[in-house]
Amino acid sequence: MTVKGVDVSSYQSATFSTSGLDFAIVKATEGTGYINPKMREQAEHARAAGLVVGFYHFLRPGSMRAQAAYFVEQASSIEGDPLFADWEDAGVSCADKDAFLAEVKRLRGSTHRVGLYCNLEYWKNRDTTSNAGDALWIADYVTAGRPRIEAEWLFHQYTDEPVDTNVAAFADRAALRAWAAKGSTPPARPSVDLSQLVAAARQDPDRDGTPVTYAGARVVEDALAAEGLLDRGYVDGHFGSATVTAYAQWQRRLNYSGADADGIPGRASLDALARRHSFNVTS
């Protein structure tokens, strides 16, 4: 993940550091009576640095329709700036969250992406509809780009030190900007066909000649390399002996042993790897 950004509020400087960043999401409003006093300056500072700018509203109990109107009227947004609901208050239900998203979409959906920010606990245990609008922005303080959810996400807040820092699932800043401007759809997750992967893994180059080349093998090899199990020199689309050995290590990490840790992918172990590295498994 190379597309990096921060989210800021009145707790941060109006001239926060933009070094190495591609986007900034600025707190705009809260409830129906609070406006971030630094919002306009923070947004202008980010735009001057060439960043993609978005805004968020902190949801409070009360009328979701009134809060949506307050947010879109007070946010210093221009066309193409993503707008997010910040769902953290225990007094705001899943139905409330959905109502807010729907109302912001009604008011600004033709010119803005509308998404949801929440933490792991809320997404897994309070959400019942899997509705995140146009984008799920998940907070989970683990390795950047590896939130512990199965749902597709576009933004991951992975730390709050020294400031809330995020990565976005886009190839580069231009792709993020195109998406925000509603000029493209979110990037598709790669797919790996289990049967083709197994066939590639069972091919023995020493016995059968040239190894099988399969794009899905490269996806898996890249994931194994990210796990520290495979040297990146072997990420080549050939599920050779080095990759089989690395996959066996992955199986043992999942507590498989004996014949179950033979380095030949199975559905359960591949699904576990896919969840951590955002690819689909077909068979």
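What is the volume of the largest cavity? In this predicted model, the largest cavity has a volume of about 50 Å³. The legends below describe this site and several other close-up views.

**Figure 1. Overview of the predicted model.** The protein is a predicted model with 10 helices and 11 strands. Its C-alpha trace spans about 70 × 40 × 35 Å along the principal axes. Of the 283 residues in the protein, 49% are buried.

**Figure 2. The largest cavity and its lining.** One cavity of 30 Å³ or more is present in the structure, and the volume of the largest cavity is about 50 Å³. Its lining is formed by Phe-23, Ala-24, Ile-25, Val-52, Val-53, Gly-54, Pro-82, Phe-84, Phe-155 and Leu-176. Two elements, β2 (23-30) and β4 (52-58), each give two or more residues to this lining. By residue class, the lining of the largest cavity comprises nine nonpolar residues, one polar residue and no charged residue.

**Figure 3. The second largest pocket.** The volume of the second largest pocket is about 300 Å³. It is lined by 18 residues, of which Ser-9, Tyr-11, Lys-27, Tyr-56 and Asp-86 are the closest to its centre. Strands that give two or more residues to the lining of this pocket are β1 (3-8), β2 and β4. The lining of the second largest pocket divides into seven nonpolar, four polar and seven charged residues.

Figure 4. The structure contains 11 aromatic pairs. In the pair of Tyr-117 and Trp-137, the ring centres are 4.7 Å apart and the planes stand at 70 degrees, so the arrangement is edge-to-face. Tyr-117 belongs to strand β6 (residues 114-119) and Trp-137 to strand β7 (residues 136-139); the pair thus links distant parts of the chain, 20 residues apart. Tyr-117 and Trp-137 are both buried.

**Figure 5. The ring pair of Phe-239 and Tyr-247.** Phe-239 and Tyr-247 form a tilted aromatic pair, with 6.3 Å between the ring centres and 55 degrees between the planes. Both residues of this pair, Phe-239 and Tyr-247, are buried.

**Figure 6. A charged side chain over an aromatic ring.** Arg-126 is placed over the face of Tyr-122, 4.8 Å from the ring centre.

**Figure 7. Two cysteines without a disulfide.** The structure holds zero disulfides. Cys-94 counts as buried because its relative accessibility is 8%. Cys-118 also counts as buried, at 0% relative accessibility.

Figure 8. Which residues are joined by a cis peptide bond? Glu-161 and Pro-162 are joined in this way, with omega at about -5 degrees. Pro-162 lies in the loop between β8 (155-159) and β9 (165-168). Ser-130, a residue other than glycine, has a positive phi near 55 degrees. Ser-278 is located in the loop between α10 (267-277) and β11 (280-282).

Definitions and conventions:
Residues numbered from 1 in each chain as written. Predicted model: local features only at pLDDT ≥ 70, side-chain atom pairs only at ≥ 80, totals over all residues. Heavy atoms only, no water. 1 Å grid on protein atoms, 1.4 Å probe; cavity = no way out; pocket = protein on both sides within 12 Å on 5 of 7 lines; lining within 4 Å. Points joined across faces, edges and corners; volume = space filled by probe spheres on them. Helix = DSSP H or I, 4+ residues; strand = E, 2+ residues; numbered from the N terminus. Nonpolar A, V, L, I, M, F, W, Y, C, P; charged D, E, K, R; others polar. Disulfide = S-S within 2.5 Å. Buried < 20%, exposed > 50% of the residue type's maximum accessible area, 1.4 Å probe, protein only. Phe/Tyr/Trp six-rings, centres within 6.5 Å; stacked < 30°, edge-to-face > 60°. Lys NZ or Arg CZ within 6 Å of the ring centre and 35° of its normal.
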